[in-house]
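Visitor: I would like a close look at one part of this model, and then at what surrounds it. Please keep it brisk.

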Amino acid sequence: MGVITNVAQDGPDVIKAPSDKRIYQVVHLQNGLSALLIHDPQMAAKPDGLVHSEDESGEEDDEEYDDEEDDEDDDDEDEDDDEEDVNGEDQSGSDDTDGGTNCDNCRNGVHSHDHHHHEEDGDDEEDESEDEGTRVAGAGKSGMAPTKKAAGAMSVGMGSFLDPPDAQGLAHFLEHMLFMGSSRFPDENEYDNFLSKHGGGSNAFTDMEYTCYHFDVNRKFLKPALERFSQFFISPLAKAEAMDREIQAIDSEFNQVLQSDSCRLLQLMCHTADKKHPFHTFSWGNKKSLGDQMMKGVDMRGKMLELYKKHYLAGRMKLCILGGESLETMKDWVVELFGEVQAGGNDKLSVTWQGPIWEKGKFYRVESVKDQHLLSLIWPLPCLESAYLKKPQDYISHLVGHEGAGSLLSLLKDKGWATALSAGVGEGGYERSTVGYMFNVNIYLTVVGLDKVEDVVGLLYQYIKMLRNVGPQEWVFKELQSMGMMEFKFAEEESADNYVVRLASNMHLYSEDHIIYGDYAFEEWDPKHVNELLALITPDNMRLDLVSKQCVKGSANVLIEPWFEVPYTVEDIPESLLKTWADPPSVDPALRMPVANEFIPHDFSIISPGVVSSEIPDVPRILVDTPLLKVWYKLDKTFKAPRANTYFAVTCPAAAESVKSSVLTQVYVKLLEDALNETLYLANVAKLESSMSLGGDRLELKLFGFNEKLAVLARKIAELYQSFVPSEDRFQRIKEDLERAYRNTNMKPLKHSAYLRHQILKERFFHADDKLECLLTLSLQDLKDFIPKLFERTYMEGFCHGNLTEAEAINIANIFRSALVKQELPASLRVKERVYKLPTGPCRLVKSNVKNKSEDNSVVEMYFQVGQDVGEPSVRTRAIIDIFEEIIYEPCFNQLRTKEQLGYSVDCGARVTHRIMGFCFRVQSSKYSPPHLQERINAFIASVHNLLADMSDEEFLNYKEALIADKLERDHTLIEETDRHWEQIWEQRYSFEARKQEALEVQKLQKSDVLDWFSEYISSGSPGRRKLSIHIWGNNTATGLADLKGDATEETVAIDNFAAFKNRLELFPPL
């Protein structure tokens, strides 16, 4: 063990943005550990015990009760709760794309160990988290001032590249085992339980060269949290009796991603890499790679402890702590708590490799799970870690991934061969490591493009040749430099947890003064380096994969990747074709450099709010209220940045009159986005973003970002609305995209269960299968006939927030009103979404098989309906539901996942569907059948009464304080505040101080209130309980591998005919 020292050496000053009021200090312990300490003055305690706020007029958080109506619209399948925003694959051409290797819970090979954070990680295919009413646990505090959370992260400079051949996944397994208690805190649930009781959460992930552990907590409990956290790196027990359970947890985590196309492709790339290359590994780990090896006599615990002792050394550890205490106090804590970490490891681990990773001139055809046609191209580059002030790869990414006029994507779209393209070096361990960087281009092909792969690749190499011919252009670099400096100067605050993770990771990559600045820096223009990288983008250095559902079937010599069992074939690319690609005989004249970006802002002046009265609530107010238009407005007085967000909802009753009108509206919205793409892309690059989506009968249009050019973008969008005429070729491309999206609906069991719940509950619900059937019959003339009807009668409501004057807000609103609102839509004709009231009595049961026949995961989603969110009583009900979740989330997770190992995904939380409140328990399992999962969830629910009754007053007070702090947690960004207020407007609640009201209600709550609520709405003995259970049966349940034990004690009534069942139900009153 290292010797405890009370001496720490200070590092250099950290460069930060002028607007950043936090104070930073780097310290070095004698054992070699480096720490970044961050003092946040807004978190510091005043003598009276309240949290100090530099901006006493700062915002107070309103309701963050996420409504199910629009919580899933960023999902790749876009199964949002209204089932209206179906936009197909996430195919944006972002320059900093992750290169198509993001994976569920293991993005870019990063294996995430979820410890009671309420969100789940998604991948680029599909975000599995519903974000329905989930709350990130907040810090505890009894006052009513806005609060912040403290946080800590430790990034250890070792990862999965160090896995031994006979223990694949060992680094990931070690990460799991460090949570299983320490010598000082031997209870394996002590750390998580402590954080849960004090409004916090924890997580960890294993990358290829780094492993990161992190937490957040009530600011008052930062030191005791650090006491527990520090023991991970000093005296973990790694209990032998916990090993089997954690191997099962890793196996369940692996089963979560078995059907993820991006993870499957990544593992195939690893499998086909040179056997001596570090990529040739299976970094996830599962029961076979870990448990079966133990059965064969491998001393897995010994190997794990050896890995820990050899590499978990202070010199390889980067610690970041964010709190309200002084830097000196935090420095003393670090010395006291981390001084015992084993010294050593001052030499940074690195891996070198000479030669190709994959065999030259091969074309891999890969069978996909989803309906898609993805062409993936990868070129290995040297490690560019030391070139972060130049970022030559970003110069190339910016141009190859460009979507404006003259771009590769623009030409591919014109030819009808592709719908989207992304390019860049991803952020994960496979893409960025000491082995090298991986430059990736993903092209999403049409059906026509599927037969033109050689030509598509040929055009890409023509574009590369054009870049070489033109030569590196300094003006492009200066644009990137300008935008990087703009982002750095006006960087928005991140959540405490995310921030410490990012900075702890950056400590491995950048000089200490650039820990923050390094991400944004474009300081040195190096055209020679750009040319050197362009010279590596050649067919000889290329890996080429085609991922499609049908491309392997019927082929001879089909191979199977051993871990994910991915079918694939390998073909030789003809030498003549490689030569043509290497030096195209000509360059298509449509391929050219982009023009200067007109949306890059130059005016960063801030509008003065004038005299601010503390007596007047700083909430949105109405600027315009007419039969055609209502505009809410709020000048930003908190963030003081040159940003503004303008959101508009256009009610179009014709959009949701029938399945056909719904599909036609979706086609229309996607065609508009397609027609605007080149303009929107330029604005997006300049950090002026936009989105269009459909929620029920409302078209939602958002423009957000730097405010100077906001009106310019609004005018361009509005002009297209008025002049747009769809063409046959684009219509067919959009139909193809939408068809693929409908076919991919419900491919994931967690999405499927939520979808069925919505189908039961909602009065107006259009099934994806019905939409698909309708879509296939539509013609361009159908769309042309429909568009005038869509805007016959409309009503628009908007919210303008940020660095805008009242006149500017009204001007932007009028731009859209003139284009979209022609004739008044009376309030009496605006349809209200309604929800069915579930019957009391026995549990109603919905059963369905998984849609993907290769999917082994089963799901049980158990939903309890509570009532309408309306009026003063509902404020109290929301407070009770949230304190109930705060109390039971960790015990639920601990019992059903940690102890019983039912599955990797276990959660519970509030659900709000069109303002109808409910509560939900969910478990996804690759091991057990739905009846068994149902029985175990019921068993946990049966234990909750005693859990609540036996809770001490002190424990209950801790939970209340944590929830109050959560309700009052400060917004981190302008858009976070905008979204809170917009939710109130979208839902027509207009209760902009709802969260403050809920916090006041939480203060009044007694334990008996929660017990009474539980007994009325959740407990099995309640005569008024309204319960719905959704069972999704995985493929494994038909194989005999699952435990088929069911719950014979609960009376259930199966719902076989949805329409007949709903016809017998009463609807909640319209709101």
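Guide: Helix H24 and helix H26 (residues 953–967) cross at roughly 115°, and their axes come within 10 Å. Ala-879, Asp-882, Ile-883, Glu-886 and Ile-887 of H24 make the contact with Phe-956, Tyr-959, Lys-960, Ala-962, Leu-963 and Lys-967 of H26. The crossing of H24 over H26 is right-handed.

Some ground rules come next. This is a predicted model, in which local features need pLDDT of at least 70 and side-chain atom pairs count only at pLDDT 80 or more, while totals for chains, interfaces and linings use all residues. Residues are numbered from 1 along each chain as its sequence is written, and side-chain values use heavy atoms, with hydrogens and water left out.

The terms are these. Helices (H or I, at least four residues) and strands (E, at least two) are DSSP runs, numbered from the N terminus. Axes are lines fitted to C-alpha atoms, for helices over the stretch in contact; angles run from 0 to 180 degrees between N-to-C directions. Contact means heavy atoms within 4.5 Å. A crossing is right-handed if the near helix is turned clockwise from the far one by less than a right angle, and left-handed if anticlockwise.

H24 (residues 871–899) has another partner, helix H28 (residues 994–1004). Here the angle is about 70°, and the axes lie 9 Å apart. H24 and H28 are therefore roughly perpendicular to each other. That label covers 65 to 115 degrees; under 35 is roughly parallel, over 145 roughly antiparallel, and the rest oblique. H24 passes H28 in a right-handed crossing. From H24 come Val-875, Arg-876, Arg-878, Ala-879 and Asp-882; they meet Ala-994, Gln-997, Glu-998, Glu-1001 and Val-1002 of H28.

Next, a sheet. Six strands form an open, mixed sheet, ordered S26-S27-S25-S28-S24-S29. Its edges are strand S26 (905–913) and strand S29 (1052–1054), each pairing on one side only. Direction ignored, neighbouring strands are turned by 25° against each other on average. Strand S25 (residues 858–868) pairs with strand S27 (residues 916–925) in the antiparallel sense, over 10 bridges. Pairing requires that DSSP finds at least two bridges between two strands. Within this pair, Glu-861 stands opposite Arg-922 of S27. Helix H20 (residues 749–761) lies across S24, S25, S26, S27 and S28. H20 runs at about 35° to S25.

Now the cores. A nonpolar core is a set of buried Ala, Val, Leu, Ile, Met, Phe, Trp, Tyr and Cys residues joined through side-chain atoms within 4.5 Å. Buried means under 20% relative accessible area, exposed over 50%, and partly exposed in between (1.4 Å probe, protein chains only). The largest core holds 123 residues. Leu-375, Leu-377, Phe-439, Val-441, Ile-443, Tyr-721 and Phe-816 have the most contacts inside it. Helix H17 (residues 659–685) gives the most to this core, 13 residues. Apart from it lies another core, of 86 residues, including Phe-194 and Ile-250.

Leaving aside neighbours within four places in sequence, its contacts include Leu-375, Leu-377, Leu-412, Val-456 and Leu-460.

Leu-699 sits in strand S21 (residues 698–706). At 4% relative accessibility, Leu-699 counts as buried. Beyond four places in sequence, its contacts include Phe-648, Val-650, Val-669 and Tyr-721. Tyr-721 is also among the residues with the most contacts in the largest core.

Two backbone details follow. Ala-238 is not a glycine, yet has a positive phi of about 45°. It lies in the loop between helix H3 (222–230) and helix H4 (240–256), and counts as buried at 3% relative accessibility. Lys-391 has a positive phi of about 50°, and is not a glycine either. Its loop runs between strand S10 (373–381) and helix H9 (392–400). Lys-391 counts as buried at 8%.

Finally, the whole chain. It has 30 helices and 30 strands. Of its 1071 residues, 66% are buried. Among contacts between residues at least 6 apart in sequence, 83% join residues at least 24 apart.
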